[in-house]
Every structure is written in C-alpha cells, then in structure tokens.
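Student: I have a model open and some terms to settle. Can we go through them one by one?

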Amino acid sequence: MSLTNRYDFVLLFDVKDGNPNGDPDAGNLPRLDAETGHGLVTDVALKRKVRNFVALLHQYIRPHDIYVREKAVLGRSHVEAFNTLGISLGEEGRQSVSQEQAESLQDLGLPDYLSIEEIEDGKFELVISADIDKKAAQEWIKEAKPNAALKKLLSDALKKSKGRKPTQAESDSGRAWLCQNFFDIRTFGAVLSLKSAPNCGQVRGPVQITFARSVDPIIAQEHSITRMAVATEAEAEKQGGDNRTMGRKHTVPYGLYVAHGFVSSFLARQTGFSDADLELLWQALSQMFDHDRSAARGEMATRGLYVFKHESELGNAPAHTLFERIQVVRKADVPRSFADYEVAVNEAELPSGVALLRMV
C-alpha cells in the first residue's frame, strides 16, 4: 500500500570506545567537524547499516534484495532486468588493446559507452556498451580527434559491436523493475545510468538521511596495538623470530550522535515504497547496530527514534520546528555513557495534524 503521509524523524545513537565512521582520507580517524570538533557520521554510513540489516533479515530475497552491496557488479542487475522483461540489448563489444593504446584512449576522455578494462595483468580490452548510440559515438570520435591509428581502432571496434540503445519506454520499464525488486533503490534512490550497462536513468528515493552530528565535541584517542604474528617469511627473518607487528587504532571514548531523516509520500509513489517498507525501515534503524558489531566500532546502539507523522502528504508543520522539540542536555562534565545525558521531548501543543511516534 502506498504512503499517504509525510514523515520526519530524529535518530539518536551512541558509540563507546569505538570508531563510528572512520575517514579514509585522514588515516581512518573518526570523522569530525574541524571547526567545532563535533563528531560526524555520514549519511552513506547510516544507509549502509540499513542495507546490511535488511540483507541479514531477508537474505537478499526479492523484493528485498540489495542493489548496492559488497562486491556487487551493478550492471548485472540492469541486464537481468532487461532480459526478464524480454527487451533486446544487443551484445557488449570487446576488443583487445595494448597498454599503450589503453592509456592513449583514456587520455582522450572516453564517453560513458566506451571504457577500458584490465582483464589480467598487462592485458587490456576496449569495452563497447551494449546500449551504445553508434551515431553519437562517431560524432565523439570526430570531436576527440585521435591519431590515425587510434581512430582506425575505434572505428573497427564500433563496426564489430552489436549494440542497441533502449527506447525511453524500455528504460522506464527497466527502472520500474529495479525499484520493485531492490529495497534500497525504492527507499534511497540510485543513479542507474552506468557504463557498459543498460541505461535506466535515475531514481529519487523517498527516504533521505542527514549526516549525524555528535551532541558535544569528541576527542579521538589513538592506541598502539600489537599482533603476535607477521605475514611473510621475510618479516619473520628480519625480526629474528620475534614475529610482532605494530599497528594503530582510533576510538571515541563516548559520543552521542543525532541524525535527521525525511520520508516523502510523493516520491514513495514513484518508486513503489510501501507502508510495509516503511515499517522495515523503522525496524532497521532501531536494530541495525545490534547486528553490526566489530572490534573497530566498540559499543554502538540506537538510543532514540522519534517519528513525526503528518496527516497530509505536504506536511502540517516545517520539519525544523519539529526537530527542535527533541533536545539533548548534558548532565555530566565529561560524558561517558547515555545516562550522562537527558533527552527532553516537547510534546505539548503539537501542531495540528502532527503526531509524535516513539519507536525507540
């Protein structure tokens, strides 16, 4: 059943002696706002935990399959969609090229329907998408002005390819099939225009989540750790049998984070996001940390999930005024647990047509 209400929600979660979201560009230090010192957890990290919970609960069984999952080749789902719908795609074209040719082609700035793949060490192939528009490709070759050898290589590859560009109606059908079968597409949306795969356009998801921000500034602690083993014989010989490996680990002693989220019924109708999907989302947000344990993340838990349900699809009050009704107040000088905070919920005189649902 399609949604007929707008929802805005506040998610509270905490971390103790763990790293809630490391920054790979900063040595995996916990993310933070450099100006204020407040901790950050990206929307992408939160969506990943939702995806992992749904996958754990439904075991990738459709219609609750997960499109963006570990080691996935996204284009395979597009091909499956078109094959299931009986839409002809033609055939993806491939032509062997040398490493020098591959580098020269990449320097030209290949369009979406052409790409270079290294199939094994030192061996490369020029890949021509199955949905290539040959006329557009010929125009690109003229504009790119490759040297004579590369021009001949490209022209010969295009002649051998058997691509077919889907019509707009076919792309729309493929997009609808993907929404129907993948929970994360109909929930969060996705960019479905890929290289070397049928183009299904873009999907705007009805559910959006902000970055989570810690209530107070955090201090990232760095710890030295020791592994009582080495990886190679060379390391063992170098250490004379001591066989120790030193490493570093970053943690936050304690942090309470707040994220905001939004659910649009208008976009839900476009993707097929239903009341049942919404209930699954609330369950995932409530329980996702219980099934995401690791040595790096320490103790993490959802501490509050407050949902504002609007009677109308457009909404009965601005989201920011509703979010302001959830206030988190520190009770201790140096917080080290959730008990060191108090969550004040102002339920008095809620705007007409708005109900507050406490999920956690």
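**Surface, packing and backbone**

Tutor: Start with the surface: the protein exposes about 18900 Å², and carbon and sulfur atoms supply 48% of it. Such areas come from the Shrake-Rupley method with a 1.4 Å probe; for residues, only the protein chains shown count as cover. This is a predicted model, where local features need pLDDT of at least 70 and side-chain atom pairs count only at pLDDT 80 or more, while totals for chains, interfaces and linings use all residues. Residues are numbered from 1 along each chain as its sequence is written, and side-chain values use heavy atoms, with hydrogens and water left out.

Student: What share of the 360 residues counts as buried?

Tutor: The share is 45%. Buried means under 20% relative accessible area, exposed means over 50%, and partly exposed lies in between (1.4 Å probe, protein chains only).

Student: Why is Asp17 called partly exposed?

Tutor: Its relative accessibility is 44%, so Asp17 counts as partly exposed. Asp17 sits in strand β1 (residues 7–18). Its phi is near 50 degrees, a positive value in a residue other than glycine.

Student: What makes Asn28 partly exposed?

Tutor: Asn28 has a relative accessible area of 41%, so it is partly exposed. Its phi is near 70 degrees, again positive in a residue other than glycine. Asn28 lies in the loop between β2 (22–23) and β3 (29–30).

Student: How many helices and strands are there?

Tutor: There are 11 helices and 19 strands. Both are DSSP runs, numbered from the N terminus: helices are H or I, at least four residues, and strands are E, at least two.

Student: Why are α1 and α10 called roughly perpendicular?

Tutor: Helix α1 (residues 43–58) and helix α10 (residues 275–287) pack at about 110 degrees, with axes 9 Å apart. Angles of 65 to 115 degrees count as roughly perpendicular, under 35 as roughly parallel, over 145 as roughly antiparallel, and the rest as oblique. The pair is therefore roughly perpendicular.

Student: Which residues of α1 and α10 meet?

Tutor: Val50, Phe53, Val54, Leu57 and His58 in α1 meet Leu280, Leu281, Gln283, Ala284, Leu285 and Gln287 in α10. Contact means heavy atoms within 4.5 Å. By class, this contact has eight nonpolar, three polar and no charged residues.

Student: Where is Pro63?

Tutor: Pro63 lies in the loop between α1 and α2 (74–84). A cis peptide bond joins Arg62 and Pro63, with omega about 15 degrees.

Definitions and conventions:
Axes fitted to C-alpha atoms, helices over the stretch in contact; angles between N-to-C directions. Nonpolar A, V, L, I, M, F, W, Y, C, P; charged D, E, K, R; others polar.
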